[in-house]
Every structure is written in structure tokens, then in C-alpha cells.
Amino acid sequence: MGLGTDIRLSRLFANPSGNLFGIAVDHFVGYGNVRAGGLQNLPDAVDRCMTSHPDTMTMTPGTAKNCWPKHVSEAALIVQASYWTPDDRIRGQLATPADAIRLGADALAVAIAVRGETEGDFIRWLSDAVRAAAPYELPIVAHIYPRDYTDGVKIVFTPDEIAYAVRVGIETGVDVIKVGYPGDEQAFAEIISACPAPVVMAGGPKEPTLRDALAQIHAGMRAGARGAVVGRNIWGEADMEHAARAYAAVIHDGLDADQAVARA
């Protein structure tokens, strides 16, 4: 790791807390109906999310090109390199490290799935990105999601599978590993303690209430996570500004879910 990588990583974790509060609006069209939900108007969603002053914003290269210019210097930009659906209906790569550099990004996110017949292809995406980013000293943030095929195909968050996802990130040499909360604080603490790279949490599937979502993040922070990058549990809320402020309170100020909801 060189000076350039160190500088860019310091921008991701620039908050005095040492933790990272990120918002992701990188959900590709394959996720569903683009006329409904919090991302139906991407420019508006980016603007509203930015009112909470997140440390990072993760978005696809096209969203960055069209929606980020007015927010340059307000947060660190992370460009999402890949898109896929759990059933592999669509999967591909949107950006290279060179593309991210041209867009002024401080890191490249590479989202992959593990388990299943296409696991090798996804891991190759990640290792290729690490290799291609090295000359630019551009950090790679790996978003790693294990799949289960017992009844169809779905993303799972068991301790064993989250540990496996983290190991994939370690062995491919990424700089930051983003995984879901495994539902077991002690198990997550053990996983994090064995990982030499910073681990941040994924926001996960949409929870029934904002408090439920925040409680998971609070537990993960107690376990040693260095923050979270959240998508639908922020922009999926009617009051996304309030939700984002509550996440920041948990991640940076150590508040629990009830305190964060009340203060935000």
C-alpha cells in the first residue's frame, strides 16, 4: 500500500470518530421497478441523501457523471464497478479503476456474489480489480454477498457465510470489506478480529422499521465494525433525511437505535 492509497482511504474514514458512514445509490436497473421507490428520481435522491453529510457516496459511473458535480468535495465518491442479481439473470461490469479515477473517485466498489456456479467469475472480477487499481493506488471496497440455493436463490447472512465472504475479501487483497450483519454479535466480533482489513456493514434488506435497521448497525459497531454503507434502509424511508441522520448518530456518536431515532 502506497501513499496514494493511504490518502484516499483517509478520505473514506475522515470523520473524527474514525468510522465510515456511507450511503449507496448504486442499485442497478435490474433491481426492479425504476418508477417506484426512493430511487425513482436519482438526482433528487442524491441531493436529499447529501443533506445528512455522509462520509461517502457510492454510485454507478453514470449516476456520478450526471448527479455528482454539484456535490464535489462534500463527501468521498466511490464508483460502483459491477451489477448483478442473485439469480445471475443479469451480471456484468460497469467501470474499471481507470474509469473511477477519471470521475474523481476516491475508491472503486466491486460488488460480487459468492457460492454457486458463477462464484469463480465473481472472485475473478474482484482480483482483477485489485490488480488493475494498484498502479493508481486506488482503494478497492468489496461488497461481498453469499448466496444460498436451498430454496431458490437468496442472499444469506449466517455467521459461517459472512466469515467466508470476509475471507474472500482478505485473500483477494481488497482494502475495505463490506458484508451484511450476521445476526450474532459475538460471531461478528470474532470474524472482525480475524480480519486485517477494515470491515463495514451493508445496510441489508429493507427492515420493517428504521429502529430495527439501526439496532443491527449498533450491534455491529459494538462488534468492531468500522461503519456501514446503507442503501434502501435510508432512501427507502419516506423521510430519508431523518433516517440518514439517525444512521450517522449510531455510527459516529455511538447512540443506540432509540436514542438515534429520537435525536435525528
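The model is a predicted one. Its helix H8 covers residues 210–222, and a search of the whole structure finds five aromatic pairs.

**Helix H8**

- Helix H8 has 13 residues, which at 1.5 Å a residue should span 18 Å; the C-alpha atoms at its ends are 19 Å apart, in agreement with that expectation.
- The buried residues of H8 are Leu-210, Ala-213, Leu-214, Ile-217, His-218, Ala-219, Gly-220 and Met-221.
- An α-helix has 3.6 residues a turn, so residues three or four places apart point the same way.
- Several helices receive the buried residues of H8, namely H7 (185–193), H9 (232–235), H10 (240–253) and H11 (257–263).
- Those buried residues also pack against strands S10 (199–202) and S11 (227–230).
- Just after H8, Gly-224 adopts a positive phi of about 115°.

**Aromatic pairs**

- Among the five aromatic pairs found in the whole structure is the one between Trp-84 and Phe-122, which is edge-to-face, with 5.6 Å from centre to centre and 65° between the planes.
- This pair links distant parts of the chain, 38 residues apart: Trp-84 belongs to strand S4 (residues 82–84) and Phe-122 to helix H5 (residues 119–133).
- Trp-84 counts as buried because its relative accessibility is 9%, under the 20% cut-off.
- Phe-122, at 0% relative accessibility, likewise counts as buried.
- Ring pairs join Trp-84, Phe-122, Trp-125 and Tyr-145 into a cluster.

**Charges over rings**

- Arg-91 lies over the face of Phe-122, 5.6 Å from the ring centre.
- Arg-115 lies over the face of Tyr-164, 3.6 Å from the ring centre.

Technical notes
Residues numbered from 1 in each chain as written. Predicted model: local features only at pLDDT ≥ 70, side-chain atom pairs only at ≥ 80, totals over all residues. Heavy atoms only, no water. Helix = DSSP H or I, 4+ residues; strand = E, 2+ residues; numbered from the N terminus. Expected span 1.5 Å × (residues − 1). Buried < 20%, exposed > 50% of the residue type's maximum accessible area, 1.4 Å probe, protein only. Contact = heavy atoms within 4.5 Å. Phe/Tyr/Trp six-rings, centres within 6.5 Å; stacked < 30°, edge-to-face > 60°. Lys NZ or Arg CZ within 6 Å of the ring centre and 35° of its normal.
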